[in-house]
Amino acid sequence: MIRPAMKVLVTNPHQELEVPGPTRVQQLLKRLDLTPEAYLVIRGDELVTEDTVLQDSDSIEIRSVISGG
């Protein structure tokens, strides 16, 4: 039986993945080798924190934080 997994879109570098949940945002970023301070994690229309637990049914977008002057 195929287990459902959350859909994860990383905008930079562009990746589309399916990751099994539940997992915390901080664990997901670590698994993807992404620095938490450099990325925003969005579930639906909601910005989520590192402590948020993500579920198999979630669709997640991970955006890099852009700064400059």
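I looked up the pair Lys 7 and Glu 18 and found that their side chains form a salt bridge with 3.0 Å between N and O (a side-chain nitrogen of Lys or Arg within 4 Å of a carboxyl oxygen of Asp or Glu). Because Lys 7 belongs to strand E1 (residues 6-11) and Glu 18 to strand E2, the pair ties together parts that are 11 residues apart in sequence; strands are DSSP runs of at least two residues, numbered from the N terminus. I noted Lys 7 as partly exposed at 46% relative accessibility and Glu 18 as exposed at 54%, where buried means under 20% relative accessible area, exposed over 50% and partly exposed in between, with a 1.4 Å probe and protein chains only.

The model is predicted, so local features need pLDDT of at least 70 and side-chain atom pairs count only at pLDDT 80 or more, while totals for chains, interfaces and linings use all residues. Residues are numbered from 1 along each chain as its sequence is written, and side-chain values use heavy atoms, with hydrogens and water left out.

I then counted 4 salt bridges by this rule. Among them, Arg 63 and Glu 61 meet at 2.8 Å, N to O, and salt bridges that share partners join Arg 43, Glu 46 and Asp 58 into one network.

Next I turned to Val 19, in strand E2 (residues 14-19), which is buried with a relative accessible area of 4%. Leaving aside neighbours within four places in sequence, I found Val 19 in contact (heavy atoms within 4.5 Å) with Ala 5, Met 6, Val 8, Leu 28, Arg 31 and Asp 56.

Notes:
Helices (H or I, at least four residues) and strands (E, at least two) are DSSP runs, numbered from the N terminus.
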